[in-house]
Amino acid sequence: MAGGHGQAVALLQGMAVVEIERGSPLFQRLQGGGLVVSAVEPGSRAFQAGFRPGDIIYAVNRRRVQSVAEFQAALKGAERGYAVSLLRGDFSITIIVR
């Protein structure tokens with residue numbers, strides 16, 4: 001990933017995420033941690049799945065994820081695909097990836 005800040009997500013090529021810091025208003029809104037999508041390469045697998053910069057990821061298959069490590073582990077454990085729950089603006093949406 002060129003120029004994007006954040007950690008690349010191995011199982012979702014083309015996407016980088018950053019953890020939400022404990023003191024931020026977003027942390028309060030989520031009542032815990034989560035991840036912000038910091039970059040998505042156009043045309044990548046992550047882009048085609050529907051992820052966009054600014055999305056706030058808080059769960060995979062209905063299980064909370066609060067760190068990059070938890071997110072990667074949740075994706076690895078889901079062999080038949082996974083449902084990523086996120087906030088985009090005022091909306092809560094789920095992206096299904098197979």
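Trainee: What makes the pair formed by the side chain of S67 and the backbone nitrogen of E70 a polar contact?
Mentor: In this predicted model, a polar atom of the S67 side chain lies 3.1 Å from the backbone nitrogen of E70, and the cut-off for such a pair of N or O atoms is 3.5 Å, so the distance falls within the limit.

Trainee: Where does S67 lie, and why is it called buried?
Mentor: S67 belongs to the loop between β5 (63–64) and α3. Its relative accessible area is 17%, and buried means under 20%, so S67 is counted as buried. Leaving aside neighbours within four places in sequence, S67 is in contact with E19 and L35.

Trainee: How do you know that D55 and R88 form a salt bridge?
Mentor: Their side chains meet at 2.7 Å, taken from N to O, and the definition asks for a side-chain nitrogen of Lys or Arg within 4 Å of a carboxyl oxygen of Asp or Glu, so the pair qualifies. A search of the whole structure finds 1 salt bridge.

Trainee: Why can this pair be said to tie together separate parts of the chain?
Mentor: D55 lies in the loop between α2 (45–49) and β4 (56–60), while R88 is in strand β6 (residues 82–88), so the pair ties together parts that are 33 residues apart in sequence.

Trainee: Which labels do D55 and R88 receive for accessibility?
Mentor: D55 has 1% relative accessibility and counts as buried, whereas R88, at 31%, counts as partly exposed, because that label covers values between the 20% limit for buried and the 50% limit for exposed.

Trainee: What label does G54 receive for accessibility?
Mentor: G54 is found in the loop between α2 and β4, and at 43% relative accessibility it counts as partly exposed. Leaving aside its neighbours within four places in sequence, G54 is in contact with V36, V37 and L87. From G54 to G81 the distance is 23 Å, C-alpha to C-alpha, and the two are 27 residues apart in sequence.

Trainee: What makes a group of residues in this chain a nonpolar core, and how many residues has the largest one?
Mentor: Its members must be buried residues of the nonpolar kinds, joined through side-chain atoms within 4.5 Å, and the largest such core has 21 residues, with L12, M15, F51, I57 and F71 having the most contacts inside it. The elements that give two or more residues to this core are β2 (15–19), β3 (35–40), β4, α3 (68–76), β6 and β7 (91–97). Apart from this core lies another, of 8 residues, among them I20, F27, V36 and Y58.

Trainee: Which residues does L12 touch?
Mentor: Not counting residues up to four places away in sequence, L12 touches A46, F51, F71, L75, Y82 and V97.

Trainee: How many bridges join β2 to β3?
Mentor: There are 5 bridges between these antiparallel strands, and the partner of V18 in β3 is V36.

Trainee: Why does the chain agree with a compact globule?
Mentor: A compact globule of 98 residues would have a radius of gyration near 13 Å, and the chain has 12 Å, so the two values agree.

Note on methods: Residues numbered from 1 in each chain as written. Predicted model: local features only at pLDDT ≥ 70, side-chain atom pairs only at ≥ 80, totals over all residues. Heavy atoms only, no water. Helix = DSSP H or I, 4+ residues; strand = E, 2+ residues; numbered from the N terminus. Buried < 20%, exposed > 50% of the residue type's maximum accessible area, 1.4 Å probe, protein only. Contact = heavy atoms within 4.5 Å. Pairing = 2+ DSSP bridges. Polar contact = N/O pair within 3.5 Å; in protein donor to acceptor, adjacent residues only side chain to side chain. Rg over C-alpha atoms; globule rule 2.2 N^0.38 Å.
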